[in-house]
Amino acid sequence: MMKSILTFILLLALPVIPAALNAWLNPNVPPWNPMQLAGGEVALADLLEWADDYILIDARSPESYQVEHMPDAINLYAGEFNTQIMNLLDVWSPERSIVIYCDSRQCGASEELAQRLRQDFQMENVFVLKGGWESYRTSNIVPSETTRPGAQRTGSLPTLNIE
Amino acid sequence: MSGMINSKTKQPGWIMRGALQAKTLLVVILAGLFVYAGIIKLIQPDTFLSDIESYRMMPYSLAWLVAFYLPPLEIICGLGLLLPQLRKASACILLLLMIAFIIAIAVAWGRGLNIACGCFGSSTEATNYPWLIVRDLLMAGGLAFVLHATLTRGVRQAPKGHKRTRHGDGGIRSKTTAGVIPR
């Protein structure tokens, strides 16, 4: 019995060593501070200053997209990927950056979509909007009606009361 | 019953051999699954962290620690399943993990969250909750079977004249003057 308990504790304690090594050596270590930008992330405030042309992608469900979305964003939901990817490919060109957002910091869908676009479509300059839709909704930026999804834009989201 | 133990040779019968082979195969499959799942998550802790965060069950700092601790735990316990000395504890830990995963997925489903399971690395597919739960239940069932088989190993009626002895790996084996009956 005692031996079983010791084995149990040993197995629970042993992973601490490779976990520490991984946190030290892995190049994909996420930041300890949730507000700090990780590689491939962009903050909304920085996005507004961008001089480069970019395409906004909404990785939320089509239902959420229909209700409200960021200006000129293209909907590209994981569950509808095969049908909606054409909307992106129609407007994408190698010199254009891509910025993806989902619900919030915790959603994960934008990060996974970014990874898929980088790996499967060899797209470079794919970024994730830190904080996602929540960061946009809670900012002073007023959502506007989308008329031309994927339209050319250079950091000029319709804004109001930006300090 | 000749299927269980051959009365002439005292060797395990075909039923016993079949059960042993099935158990061995199950252990190898489960070990492979956990090692594979662990390695994928170990390589990409940032993606795994965002998967954990999508469940919205813990603060960021705790999710960060879990993102680094869980993958090596899965790998070590997966490998532990292959070693008779560590099988019981490994199966116990992994079974508890699977129960926690099932609860987490069920809660996320109930809260209407769109989670990335994170079980086997990143997935861009829409969340299929019933499939996730069924898959985890199958794995939990397999682990429960392995754990039960490990705990009850050798605790069967020894043939007359045989002495049951406890071994270092926790198993109890029937022993004669000719040696240990292989299991």
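In this predicted model, Cys77(B), Gly80(B) and Leu81(B) of helix H3(B) are in contact with Leu86(B), Arg87(B), Ala89(B), Ser90(B), Ala91(B), Ile93(B) and Leu94(B) of helix H4(B). By residue class, the contact of H3(B) with H4(B) comprises seven nonpolar, two polar and one charged.

| Helix pair | Angle | Axes | Handedness of crossing |
|---|---|---|---|
| H3(B) and H4(B) | roughly 140° | come within 7 Å | left-handed |
| H4(B) and H5(B) | about 160° | 9 Å apart | left-handed |

H4(B) and H5(B) pack at an angle of about 160°, so H4(B) is roughly antiparallel to H5(B). The residues at the contact of H4(B) with H5(B) are 22 nonpolar, one polar and three charged.

**Nonpolar cores**

The largest nonpolar core contains 35 residues. Those with the most contacts inside this core are Leu30(B), Ala67(B), Cys77(B), Leu81(B), Leu94(B) and Leu143(B). Two or more residues of the core come from each of the following elements of chain B: helix H1 (14–43), helix H2 (45–54), helix H3 (60–82), helix H4 (84–110) and helix H5 (129–151). Cys77(B) and Leu81(B), listed for their contacts within the core, also belong to the H3(B) side of the contact with H4(B). On the H4(B) side of that contact stands Leu94(B). Leaving aside residues up to four places away in sequence, Leu94(B) touches Phe34(B), Cys77(B) and Leu143(B).

**Interface between chains A and B**

The two chains meet through 32 residues of chain A and 34 residues of chain B. On the side of chain A that touches chain B, helix H1 (2–13), helix H2 (16–25) and helix H6 (109–120) of chain A each contribute at least two residues. The largest share, six residues, is supplied by H6(A). In composition, this side of chain A consists of 18 nonpolar, 10 polar and four charged residues.

Key:
Residues are numbered from 1 along each chain as its sequence is written. Chains are lettered from A and ligands numbered from 1 in the order in which they are written. This is a predicted model: local features need pLDDT of at least 70, side-chain atom pairs count only at pLDDT 80 or more; totals for chains, interfaces and linings use all residues. A nonpolar core is a set of buried Ala, Val, Leu, Ile, Met, Phe, Trp, Tyr and Cys residues joined through C-beta atoms within 7 Å. A residue is buried if 20 or more other C-beta atoms lie within 10 Å of its own, exposed if 12 or fewer, and partly exposed in between; C-beta atoms are placed from the backbone. Helices (H or I, at least four residues) and strands (E, at least two) are DSSP runs, numbered from the N terminus. Two residues are in contact if their C-beta atoms, placed from the backbone, lie within 7 Å. Ala, Val, Leu, Ile, Met, Phe, Trp, Tyr, Cys and Pro count as nonpolar, Asp, Glu, Lys and Arg as charged, and the others, Gly among them, as polar. Axes are lines fitted to C-alpha atoms, for helices over the stretch in contact, and angles run from 0 to 180 degrees between N-to-C directions. Angles under 35 degrees count as roughly parallel, over 145 as roughly antiparallel, 65 to 115 as roughly perpendicular and the rest as oblique. A crossing is left-handed if the near helix is turned anticlockwise from the far one by less than a right angle, and right-handed if clockwise.
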